[in-house]
Amino acid sequence: MKKVTSRIDRSKQVIKIRDLRKSFDEFDVLRGVDLDLYQGENLVVLGRSGTGKSVLIKIISGLLKADTGLVNVLGCDLSKITPKEVDALRLKIGFSFQNSALYDSMTIKENLQFPLIRNRRDLGQKEMDRMIEVVLEAVDLSQSINQMPAELSGGQRKRIGIARTLILRPEIMLYDEPTAGLDPITSIEINKLINEVQERFNTSSIIITHDLTCARDTGDRIVMLLDGQFQRQGSFAEVFNSDDERVKAFYNYNFID
Amino acid sequence: MKRMDSNISKVNEEKPGRHVISKRIDRIFARLFDIYAFIVRFFKEAFMPPYEGREIVKQCYEVGVKSLPLVSLTGFIIGIVFTNQSRVSLAEFGGTSWLPALISVAIVRALAPLVTAIIAAGKVGSQIGAELGSMKVTEQIDAMEVSATNPFRFLVVTRVLATTFMIPTLMMYMIFIALMGGYVSVHQHELTSFTTYFIQVFNAVTFLDVFSSLIKSFLFGFTIGVVGCYKGYHSSKGTQGVGKAANTSVVMAMFLVFIEELLSLQIITALR
């Protein structure tokens with residue numbers, strides 16, 4: 001079980017969501033979600049596949065638009081800001097994709113350099129190289145700098161994906177299924193990395209997962225998405241100390257299976 | 001944000017009980033509007049700074065330089081084959097001396113623009129469709145967007161500009177190569193000298209011929225780029241979607257190129 005970090009500042013909300021609704025076709029995915037993320041906190045969003053967990057972080061990052069509700073990220077109301085302001089906000093949000101989403105045609109170095117070239121035109125090549133070194137060292141993959149993404153394993157790709165988001169020093173990290181498709185040992189390493197990122201870079205994170213080990217090891221607080229709403233919230237023990245059959249089934253499936 | 005709107009419009013398009021005429025016709029109009037919006041967005045983004053100079057050069061290299069061997073080989077063979085086939089007909093009434101003029105007119109006015117466009121649709125169009133399609137399904141386009149890079153400008157605008165400017169360049173190159181192929185055949189059979197051959201070629205071709213072919217090629221290049229990018233950028237999830245994007249990019253681009261050829265022929269004939 002993860003120790004709750006002392007860095008959490010409960011007086012400072014970095015994300016505030018109220019009554020968020022989103023539907024696709026006739027299907028209501030999110031039905032009035034309320035969420036608060038505090039400075040320095042790792043918040044885990046648990047839920048079955050297809051319950052709208054990824055939709056939630058795509059709305060936070062501006063990839064999808066909410067139907068109704070308030071989404072306030074770092075003091076900016078997403079429904080009211082211009083596309084330019086969205087871009088400025090995105091520099092403060094790191095998004096680690098489920099399949100890493102590394103650019104296949106680029107080497108690892110070019111992948112890491114890409115966000116810098118696009119957004120930090122003031123930097124010289126030497127400074128960029130130093131920043132690349134730092135993030136590669138943080139994810140323990142300095143030796144892979146000249147490899148192509150296709151040459152890496154699933155776990156290594158995830159690490160590089162995280163390194164690519166870290167390079168712009170985001171204040172918020174959004175992890176979409178960080179351990180999906182990984183073996184248990186690699187999953188534990190990724191969980192460790194998520195905690196290291198939180199401590200070293202002082203980020204606030206939302207971790208989307210259905211992996212209870214990941215939730216237990218990384219979450220300072222856990223919320224459970226059921227029927228398009230957050231129904232349970234608290235520490236790992238608090239969330240799963242429940243008579244709700246759906247919660248019990250979720251727990252049993254993860255730990256008995 | 002615009003991409004979000006287009007996703008939402010796609011979702012609305014599928015909603016049952018919301019059809020103005022019928023599901024299929026509504027879908028066709030929605031698709032046409034989507035393509036129109038895509039093209040309008042291209043022009044908007046293409047003229048707004050910051051410009052993606054380095055990426056445009058890279059894409060020009062991909063489209064132009066990498067197509068050179070195929071264009072060279074095809075052009076040369078077309079020149080030889082067309083000359084040999086035309087010789088038979090002209091020889092029947094002793095008109096083989098007209099071969100250089102016939103070849104040049106046919107190549108400059110129709111063969112070079114059309115064949116270059118078809119080669120580009122097959123090689124470049126499918127490549128763009130597959131590349132963007134695979135980037136879409138593996139969330140690389142989303143990754144670009146969340147790192148505050150405009151993926152439309154970086155991926156679509158650069159590729160469409162590259163095809164628009166490189167296909168006319170390849171077309172001019174193909175004219176030269178096909179004429180050389182024609183020369184090889186004419187020289188072999190009629191013993192015509194290089195100078196005489198090219199004097200006859202330049203006498204037969206007018207400024208309007210070259211100019212209209214260039215304009216057509218710009219249009220073909222633009223069409224191939226837009227179709228490839230549109231299909232790739234909007235490809236559905238999964239590897240099947242990537243294959244479909246590559247395939248439909250080629251089929252649709254070729255179909256549109258032939259229609260444009262037909263329409264431009266009517267306009268040029270009227271001008272002539």
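Student: What makes the crossing of α3(A) and α4(A) right-handed?

Tutor: In this predicted model, the crossing of α3(A) and α4(A) counts as right-handed because the near helix is turned clockwise from the far one by less than a right angle, anticlockwise being left-handed. Local features here need pLDDT of at least 70 and side-chain atom pairs 80 or more, while totals for chains, interfaces and linings use all residues. Residues are numbered from 1 along each chain as its sequence is written, and chains are lettered from A and ligands numbered from 1 in the order in which they are written.

Student: Why are α3(A) and α4(A) called oblique to each other?

Tutor: The axes of α3 (residues 108–119) and α4 (residues 125–138) of chain A come within 10 Å and cross at roughly 120°. Angles under 35 degrees count as roughly parallel, over 145 as roughly antiparallel, 65 to 115 as roughly perpendicular and the rest as oblique, and α3(A) and α4(A) are therefore oblique.

Student: How do you know which residues of α3(A) meet α4(A)?

Tutor: Contact requires C-beta atoms, placed from the backbone, within 7 Å; A:Lys109, A:Leu112, A:Gln113 and A:Leu116 in α3(A) meet A:Met128, A:Met131, A:Ile132 and A:Val135 in α4(A).

Student: What makes α3(A) roughly parallel to α5(A)?

Tutor: α3(A) and α5 (residues 154–166) of chain A pack at about 30°, their axes 8 Å apart, which makes α3(A) roughly parallel to α5(A). The contact between them is made by A:Ile108, A:Asn111, A:Leu112 and A:Pro115 of α3(A) with A:Ile160, A:Ala163 and A:Arg164 of α5(A).

Definitions and conventions
Axes fitted to C-alpha atoms, helices over the stretch in contact; angles between N-to-C directions. Helix = DSSP H or I, 4+ residues; strand = E, 2+ residues; numbered from the N terminus. Contact = placed C-beta atoms within 7 Å.
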